[in-house]
Amino acid sequence: MRQARLTLDPGFAVGEVDPRLFGSFVEHMGRCVYTGIYEPGHPAADEDGFRADVLELVRELGVTVVRYPGGNFVSGYRWEDGVGPRGERPSRFDLAWRQIETNEFGLNEFMTWSRKAGVAPMMAVNLGTRGVREAADLVEYCNFPGGTALSDLRAKHGHPEPHGVSLWCLGNELDGPWQTGHKTAHEYGRLANETAKAMRMVDPSIELVACGSSNSGMPTFGSWEATVLEHTYDNVDYVSLHAYYEEHDGDLGSFLASAVDMDHFIGSVVATCDHVGAKLRNRKRIRLSFDEWNVWYMGRFVGEKNLAAERVPRLIEDNYHVADAVVVGSLLITLLRHADRVGVACQAQLANVIAPILTEPGGGSCRQTIFFPFAHAARHARGRVLRVEPDSPRYDTARFGDVPLLEAVATQDGDEVVLFAVNRSVEDSLALTANVRALPGLSVVEHVVLASDDRTLTNTVAEPDRVLPRRVDGASVVDGELTAELPALSWNMIRLSSPQIRPTA
Ligand SMILES: O=[N+]([O-])c1ccc(O[C@@H]2O[C@@H](CO)[C@H](O)[C@H]2O)cc1
């Protein structure tokens with residue numbers, strides 16, 4: 001068995017875990033909204049038409065914040081279409097995904113759903129085909145207490161209390177040629193800045209996210225962020241990052257190392273933000289909102305141009321296997337390792353569309369393999385993030401060079417310490433030894449593993465329990481050393497506690 005070492009020491013703190021790292025994303029795309037979270041007439045639908053089985057899974061997943069309504073969809077969206085009496089709402093052709101949008105579900109339905117799901121809403125405004133006025137109007141409709149046309153309209157629509165949306169995206173992926181209303185960095189930077197100012201006039205308490213690049217492979221990556229931030233530095237809090245990973249040409253080794261790319265991406269954006277701060281002699285630190293990330297088999301996507309104008313098509317409904325879950329686990333570890341700068345992260349998306357939750361119209365629902373690492377981290381990564389300084393055997397990859405077999409991070413919340421770890425080796429278990437001398441009295445509460453001899457195994461609505469996490473024996477702490485076996489190709493969560501460490505109040 002290969003050996004790996006690390007250290008758990010409260011002195012190695014990176015920062016606090018922001019609960020908003022465990023966000024998700026609901027876009028009007030494919031079956032995420034319709035027959036995903038919303039399906040009136042379904043046997044499990046509640047009085048608002050929300051699927052109660054899905055609401056239950058969302059709560060179990062531990063999602064904290066949900067971005068809405070897009071995505072590419074938002075760049076052609078008129079939010080006014082989705083409010084008011086349902087019978088008067090127009091059906092529109094959606095330019096992004098070439099679907100017919102009936103507007104049966106709109107922003108007030110999303111706010112009601114968010115409250116039931118126990119999540120905070122994160123709204124995106126349309127800066128593709130619209131601008132300053134419509135964005136400020138949307139903030140007034142959502143957040144203004146009353147006594148103005150739009151806040152009174154909200155009350156008339158059945159919502160007298162403000163929705164209190166605190167997190168706002170200034171558009172979506174406007175650097176991408178596929179985006180409706182695609183812009184240059186200067187065009188977008190100017191518009192984002194003026195929109196930010198107007199939105200803040202309406203509600204000075206909101207936090208704003210400027211669009212970074214659609215992905216780090218964009219030809220304008222780096223210069224886009226720098227130019228946009230030069231325009232917006234004083235008026236935004238976050239810059240966004242998006243990244244999707246997949247296995248290319250059967251190269252599993254590189255796919256399993258996707259987190260190396262995410263790590264480098266985050267480092268590059270942090271450096272760019274700080275470069276602009278230095279240039280502007282501004283000591284404010286811009287934070288990162290990784291508001292789209294996941295495994296997405298884009299190679300299988302036929303492209304929206306080929307789609308017929310169906311009402312609710314099955315779009316990018318990837319069915320995830322065990323290796324995908326291991327990659328998702330390593331991406332969660334990477335986000336946590338950057339908790340000092342990454343304050344928000346949203347897995348894309350929540351239901352059916354590249355999602356941890358699958359549903360059948362009129363039928364059941366299930367947890368995909370990627371559900372489990374997210375649920376473990378969302379529930380148990382609390383308090384402070386600890387760097388663990390891993391020393392691991394390495395392997396060679398075609399895309400990312402020499403990569404460690406072990407990816408790990410820990411969190412400490414008073415007397416509870418949790419180690420999250422991935423073993424990338426397809427063949428071998430890793431014998432893990434951790435120095436825990438700085439945490440006296442520590443003992444193992446549980447070691448939970450997601451792994452399978454068949455890495456291609458998936459869960460489906462018909463067979464929902466083929467891949468499940470299991471508790472394993474064997475992990476223990478003796479003389480200040482934790483030892484545990486991490487199976488080949490596995491996601492691991494080892495929870496520890498100590499009666500000798502005072503719990504936080
Ligand atoms: O790499 N690409 O070619 C690429 C193209 C589209 C794309 O769209 C993003 O992903 C979509 C699905 O979550 C969201 O609506 C959008 O923001 C993300 C990446």
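This is a predicted model: local features need pLDDT of at least 70, side-chain atom pairs count only at pLDDT 80 or more; totals for chains, interfaces and linings use all residues.
## The ligand and its surroundings

A polar contact is a pair of N or O atoms within 3.5 Å.

Glu292 has a polar side-chain atom 2.7 Å from an oxygen atom of the ligand. For Gln349, an N or O atom of the side chain lies 3.1 Å from an oxygen atom of the ligand. How much of the ligand does the protein bury? Alone, the ligand exposes 440 Å², and the protein buries 85% of that. There are 14 residues around the ligand. The nearest are Glu27, Asn72, Asn172, Tyr244 and Glu292.

## The barrel

Strands of a sheet pair through backbone hydrogen bonds, either parallel or antiparallel. Here, eight strands close into a barrel. Their order is E3-E4-E7-E8-E9-E10-E11-E12, and the pairing is parallel. From one strand to the next, the twist averages 30 degrees.

Strand E7 covers residues 120-125, and strand E8 covers residues 167-170. They run parallel and are joined by four bridges. Met123 stands opposite Trp168 of E8. Helix H8 (residues 258-279) touches E10, strand E11 (287-295) and strand E12 (342-348). The direction of H8 makes about 160 degrees with that of E10. Helix H9 (residues 322-337) also packs there, touching E10, E11 and E12. The direction of H9 makes about 175 degrees with that of E11.

## The open sheet

A sheet of seven strands is open. Its order is E2-E15-E18-E19-E25-E21-E22, with antiparallel pairing. Which strands lie at the edges? They are strand E2 (13-16) and strand E22 (470-472), each pairing on one side only. Neighbouring strands of the sheet are turned by 25 degrees against each other on average, direction ignored.

Strands E18 (residues 406-413) and E19 (residues 416-423) run antiparallel, with eight bridges joining them. Thr411 faces across to Val418 in E19, standing opposite it. Helix H10 (residues 371-380) packs on the sheet. H10 touches E18, E19, strand E21 (443-450) and strand E25 (490-497). The direction of H10 makes about 20 degrees with that of E25.

## Aromatic pairs

The count comes to 17 aromatic pairs. One of them joins Phe110 and Trp113. Is this pair stacked or edge-to-face? It is stacked, with 6.0 Å from centre to centre and 20 degrees between the planes. Planes under 30 degrees apart count as stacked, so 20 degrees qualifies.

Both residues sit in helix H2 (residues 107-117). Phe110 and Trp113 are three residues apart there, about one turn of the helix.

## Backbone details in the loops

The loop between strand E4 (65-68) and strand E5 (92-93) holds Pro69. Gly71 is found in the loop between E4 and E5 as well. The peptide bond from Tyr68 to Pro69 is cis, with omega near 0 degrees. The bond from Gly70 to Gly71 is also cis, with omega near 15 degrees.

Another loop runs between strand E10 (238-245) and helix H7 (252-256), and Asp249 is placed in it. Asp249 is not a glycine, yet its phi is positive, at about 50 degrees.

Note on methods:
Residues are numbered from 1 along each chain as its sequence is written. Side-chain values use heavy atoms; hydrogens and water are left out. Two strands pair if DSSP finds at least two bridges between them. Helices (H or I, at least four residues) and strands (E, at least two) are DSSP runs, numbered from the N terminus. Axes are lines fitted to C-alpha atoms, for helices over the stretch in contact, and angles run from 0 to 180 degrees between N-to-C directions. Contact means heavy atoms within 4.5 Å. A residue is near a molecule or strand if one of its heavy atoms lies within 4 Å of it. A polar contact is a pair of N or O atoms within 3.5 Å; within protein, one must be able to donate a hydrogen and the other to accept it, and residues adjacent in sequence count only if both atoms are side-chain atoms. Accessible areas come from the Shrake-Rupley method with a 1.4 Å probe; for residues, only the protein chains shown count as cover. Rings of Phe, Tyr and Trp (its six-membered ring) pair if their centres lie within 6.5 Å; planes under 30 degrees apart count as stacked, over 60 as edge-to-face and the rest as tilted.
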